[in-house]
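Reader: I would like to go through a model with you, one feature at a time. Please give the general idea before each case.

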Amino acid sequence: MAHTVELATEDPGGTCALAAVLAGELQRGDVVSLTGELGAGKTCFVQGAAAALGVTERVTSPSFILRRDYEGRVPVTHIDVYRLESLHEVLDVGYGEDDSVTFVEWGDAMRPLLPTEHLEVEMLLPDVAATRLEPGTEVVADERRHVRLRPHGDGWLRRLDRLDRALAAWRKG
């Protein structure tokens with residue numbers, strides 16, 4: 001889909017806040033596909049959205065157990081497919097078997113299984129190569145993140161249009 005919303009956050013708190021705003025549009029059965037490099041903030045995004053959906057327990061990465069389920073006002077399923085070797089394994093962990101809001105880390109690896117209507121959230125690290133440091137300057141971790149929202153399906157396009165003002169705080173450029 002051609003419509004992409006370009007956003008930026010300054011730190012993990014901003015990433016969580018952005019996710020909380022988006023969570024206001026989430027409903028049972030929704031799938032959010034998270035993509036991006038290791039350490040780009042995918043789990044942080046899920047933490048912010050889950051908290052906004054009423055999850056009170058600590059949300060952690062399901063990298064080694066593949067799936068975590070959380071209870072809130074809306075149930076949340078958090079799947080990480082990074083270590084899976086086949087699409088069949090995604091089905092084995094129960095993907096698509098409930099009516100929770102499902103967050104899929106590395107969702108691009110299972111694109112054929114994503115529903116027509118879903119939101120793709122791409123998390124990007126800042127371009128370190130573009131940063132020039134003076135000799136002897138200490139490198140400090142940059143917590144900024146670029147976030148691209150790609151709505152798949154007319155339903156998600158309408159939802160992002162409704163969020164336009166709320167997303168303005170994170171709009172790039």
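Predicted model: local features only at pLDDT ≥ 70, side-chain atom pairs only at ≥ 80, totals over all residues.

Reader: Which residues have the most contacts inside the largest nonpolar core?

Author: The general idea comes before the case. In soluble globular proteins, nonpolar side chains tend to be buried together. Here the largest nonpolar core has 32 residues, and those with the most contacts inside it are Phe103, Val121, Leu149, Leu160 and Leu167. At least two residues of this core come from each of strand 1 (5-9), helix 1 (12-23), strand 2 (31-36), helix 2 (42-52), strand 5 (101-105), strand 6 (118-124), strand 7 (145-152) and helix 4 (154-162). There is also a second, separate core of 12 residues, with Val31, Leu84, Val90 and Leu114 among them.

Reader: What does Leu149 touch, leaving out residues up to four places away in sequence?

Author: Leu149 touches His3, Thr4, Val5, Leu7, Leu22, Leu119, Glu120, Val121, Leu160 and Leu167.

Reader: Is Val121 buried or exposed?

Author: Val121 is buried, because its relative accessibility is 0% and the cut-off for buried is under 20%. Val121 belongs to strand 6. Beyond its neighbours within four places in sequence, Val121 contacts Val32, Ser33, Leu34, Thr35, Phe45, Val147, Arg148 and Leu149. In sequence Val121 and Ala19 are 102 residues apart, while their C-alpha atoms are 9.9 Å apart.

Reader: How do I read the packing of helix 1 and helix 2?

Author: Two packed helices are described by the angle between their axes and the distance between the axes. For helix 1 and helix 2, the axes come within 7 Å and cross at roughly 45°. The two helices are therefore oblique to each other, and their crossing is right-handed. Helix 1 makes the contact through Pro12, Thr15, Cys16, Ala19, Ala20, Leu22 and Ala23, and helix 2 through Cys44, Phe45, Gly48, Ala49 and Ala52. Sorted by class, this contact has 10 nonpolar, two polar and no charged residues.

Reader: How many residues of helix 2 are buried?

Author: Eight of its 11 residues are buried, and helix 2 is mostly covered. The buried residues are Lys42, Thr43, Cys44, Phe45, Val46, Gly48, Ala49 and Ala50. They pack against helix 1, strand 2, strand 4 (76-80), strand 5 and strand 6.

Reader: Where is Leu26 found, and what is it in contact with?

Author: Leu26 is in the loop between helix 1 and strand 2. With a relative accessible area of 10%, Leu26 is buried. Setting aside neighbours within four places in sequence, Leu26 is in contact with Val32, Leu53, Val101, Phe103, Trp156 and Arg159.

Reader: Which residues have a positive phi although they are not glycine?

Author: Most residues other than glycine have a negative phi, and most peptide bonds are trans. Leu66 is one of the residues with a positive phi, near 80°, and Leu66 lies in the loop between helix 2 and strand 3 (67-70). Trp106 is another, with a phi of about 70°. The loop between strand 5 and strand 6 holds Trp106, which is buried at a relative accessible area of 15%.

Note on methods:
Residues numbered from 1 in each chain as written. Heavy atoms only, no water. Core = buried A, V, L, I, M, F, W, Y, C linked by side-chain atoms within 4.5 Å. Buried < 20%, exposed > 50% of the residue type's maximum accessible area, 1.4 Å probe, protein only. Helix = DSSP H or I, 4+ residues; strand = E, 2+ residues; numbered from the N terminus. Contact = heavy atoms within 4.5 Å. Axes fitted to C-alpha atoms, helices over the stretch in contact; angles between N-to-C directions. Parallel < 35°, antiparallel > 145°, perpendicular 65-115°, else oblique. Left-handed = near helix turned anticlockwise from the far one by under 90°. Nonpolar A, V, L, I, M, F, W, Y, C, P; charged D, E, K, R; others polar.
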